[in-house]
Amino acid sequence: MTVSVNEQEKAYLKSLIDRGEPLPPKYKAILFADAPDVELVWPGKTREVTNVVLPFQSIEQIDEPRAEEPDPQLGFLWDTATGRQIEGWSNKLIWGDNKLMLSSLKNGPLRREIEAQGGLKLVYIDPPFDVGADFSVSVEVGGETFTKEPNLIEEIAYRDTWGRGAESYIAMMYERLNLVYDLLADGGSLYVHCDSRVNSLLRLVLDEIFEPENFVNDVIWKRSSNTSSIGKIWKKAHDTLLFYVKGDHYTFNFQRKPLSEASLDIYNQRDERGYYQAVPLLVSGKRSGTTGQPWKSIDPNSRGRNGMHWVTTPDKLDEYELQGLVVWPDKPGGVPRLKYYLEDNPGVVMSDIWDDVTPITSSSKESLNYATQKPETLLERILLTSSNEGDLVADFFCGSGTTLAVAEKLGRKWIGCDLGRFAIHTSRKRLIGVQRELKAQGKPYRSFEILNLGKYERQYWVGINPSLPDEERQWQTLQREEHYLTLILQAYKAERLFQLPPFHGRKGPVLVVVGPVDAPVTRQQVMEIVAACRQHRASRVDVLGFEFEMGLVPYVRDEVRAQGVMMSLKYIPKDVFDRRAVERGQVTFYDVAYLEVGTQVQHLSATVTLKDFGVYYQQDDLNVLTEQLKNGASKVTVESGQVVKVTKDKQGHVAREVLTKKWSDWVDYWAVDFDFERRQEIIRVVEADGTEREVWTGNYIFENEWQSFRTRKDRTLEMTSAPHIYPLAGRYKIAVKVIDIFGIDTTKVVEVVVS
């Protein structure tokens, strides 16, 4: 072809190529024969997709025990002694960045498990599309509603999504949708939930990734019936579902809108021969056909088009609300008719306008007080249409877990993911409730495990390649160590120390030790720190860590302080890996929560009782908050581990009320593993040459054997577990996990001797 560019343009294009920069869109159609007719372009667009493979860490297994014998036809087995699933697919609830998670699913060992289940057949996602929305959550405490502000990781996600407007939103979705496409099975389906603010952008992105010919429908979900006038704008009352498929042979099970009760009455009116009875239809007050025409019988075996039989109805449309079933004649003067299916469940094939799914409100029975929660009937329709029983489905922005709950009830296998800690906690409680519900109904259900990328995600953030061989990774860790220490100490607002090991820094009069990026702070490390404190006559030290060895908190509280050292254990938040947050001094380090439990052992059984729980959170400076509060207003906040309501009356007088009256008010959920070291956490690591090896992380999987938690309808909490029966006498370790009202977990391990 003839290239119509001048010499100056050629030099310009060559300079771009030499620098590795993208070519301006207008030149692509000139230079490339296969250039697309229409292409979505934005600043910084790249077709490169994250391909990192990080090992998944299984941190918790949840399976409501069942007593009946295993059914081999279900495709999974459970141990008859414990009632817990031991074989077959276990559903996955993953906490973390869905970009890293999708990349690790697509390229890592878990991909083989997905393929063994027939591949990923359906993905539904409800990504953020409400500009101005955030990760704030509402928590009920003492009859008041407290709004917990998002942590910095969640704020980073919001800024990365909307920080540069449409450009950053498209970039975020483009990479993730590319990963979803690669992970989907051939014949798989994708539903993307959005609204008018972003549906045009997402449609273009999806056309580019899936190809326009694989677009099936844009479904309109009427989510609001409010028609009140709000100005010079049509009332916004719907969301959009963009439906795409990967390949031609995709699952599509027609869904039918059921007939009303009155319609069913008519449908069931048959004579002694089983024939339907019908009379002419009333339309707009005028009878079609002969006035006074008697009832007539119609043979149900004389089917019309699509297996339907056409009859007329004896009553008014507005009385029976049958408008959606009326077939209007093409010819003038023709008689309108109703259509019925001859199957046992008559109805009308659904169109792409769904106006019969009621949205979630605060008064809805299934409401979890989760801002973006969608109704189960919406997901039920999607799953029934585009998947079959036993298929694997996924939701990578799972929120409150609606997709996962519906999938479990409908016999689908599932994978769910969310960045928000509170979303994972909300989903966990919801799915345990589904397991209990199905168990009570005698229906099958699967276990599910809670996964994250743990220390491997942290290594990735600080520039360490987790897939390197041990020796190379250790060398890279040493190279990156100084960068890591500087980062943490800067976030903690401490100065760096170089000549006083094992101390890494100092914050005022307090020495600071930073724990490793890929391992918990251990008791042995704490003992070495105490010895160094005594050697250098230091009385105060802060120990910062991502994780702490089980049982370390009471050891520090009792034995370390008895040696004259005031030691504080503080969690390093993920927020430290956002340079912007560090530079602005926005990172908060929280003291590790305090947990005390009691055990009672008797005749091969044990019970656990919660004794005490303490947290140290702070959200606002009360003095600043009080000054900013307007007269006649109030706000609920957190100060020094207490939820406090601050009220300023019309005269400016301030009152403070502590809402967390007792320690148990902080507990939202707690669970027990009565034999904690029974199951090692084994991960599969992919080496640089593509080979895999199994590695024990040194940790154990928390097997959730008993739990009690608060729900929106029931705020009570059992404080003593049910008895657990051990098969043999011996020494056992019991792990107790408490999750507070913010979704943050604390675990303690105690040892018991059973005889």
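Colleague: Leaving aside its neighbours within four places in sequence, which residues is R458 in contact with?

Modeller: First, some ground rules: this is a predicted model, where local features need pLDDT of at least 70, side-chain atom pairs count only at pLDDT 80 or more, and totals for chains, interfaces and linings use all residues. Residues are numbered from 1 along each chain as its sequence is written, and side-chain values use heavy atoms, with hydrogens and water left out. Contact means heavy atoms within 4.5 Å. With neighbours within four places in sequence set aside, R458 touches V517, D518, A519, F546, E547 and F577.

Colleague: How far apart in space are R458 and D518, C-alpha to C-alpha?

Modeller: R458 lies in helix α13, residues 454–461. (Helices are DSSP runs of H or I with at least four residues, strands are runs of E with at least two, and both are numbered from the N terminus.) Along the sequence, R458 and D518 are 60 residues apart, yet their C-alpha atoms sit at a distance of 7.1 Å.

Colleague: Does R458 count as buried or exposed, and at what relative accessibility?

Modeller: Buried means under 20% relative accessible area, exposed means over 50%, and partly exposed is in between, using a 1.4 Å probe and protein chains only. R458 therefore counts as buried, with a relative accessibility of 8%.

Colleague: What share of the residues in the protein is buried?

Modeller: Let's start with the elements: the protein has 18 helices and 42 strands. Out of its 755 residues, the buried share is 49%.

Colleague: How many of the eight residues of helix α11 are buried?

Modeller: Helix α11 covers residues 402–409 and is largely enclosed by the rest of the structure. Its cover includes β4 (91–95), β5 (120–125), α10 (376–386), β21 (392–395), β22 (413–418) and α12 (421–440). The buried residues of α11 are T402, T403, L404, A405, V406, A407 and E408. That makes the number of buried residues in α11 seven.

Colleague: Which residues have the most contacts inside the largest nonpolar core?

Modeller: A nonpolar core is a set of buried Ala, Val, Leu, Ile, Met, Phe, Trp, Tyr and Cys residues joined through side-chain atoms within 4.5 Å. The largest one here has 50 residues, and its largest share, nine residues, comes from helix α6 (residues 166–183). The residues with the most contacts inside this core are L177, L190 and F396.

Colleague: How do the axes of α3 and α6 run, roughly parallel or roughly perpendicular?

Modeller: Axes are lines fitted to C-alpha atoms, for helices over the stretch in contact, and angles between N-to-C directions run from 0 to 180 degrees. Angles under 35 degrees count as roughly parallel, over 145 as roughly antiparallel, 65 to 115 as roughly perpendicular and the rest as oblique. The axes of α3 (residues 98–107) and α6 cross at roughly 25° and come within 10 Å. So these two helices are roughly parallel.

Colleague: Which handedness does the crossing of α15 and α16 have, left-handed or right-handed?

Modeller: Helix α15 (residues 523–535) packs against helix α16 (residues 552–562) at an angle of about 25°, with the axes 11 Å apart. The residues making the contact are R523, V526, M527 and V530 of α15, and L552, Y555, V556 and V560 of α16. A crossing is left-handed if the near helix is turned anticlockwise from the far one by less than a right angle, and right-handed if clockwise. The way α15 passes α16 is right-handed.
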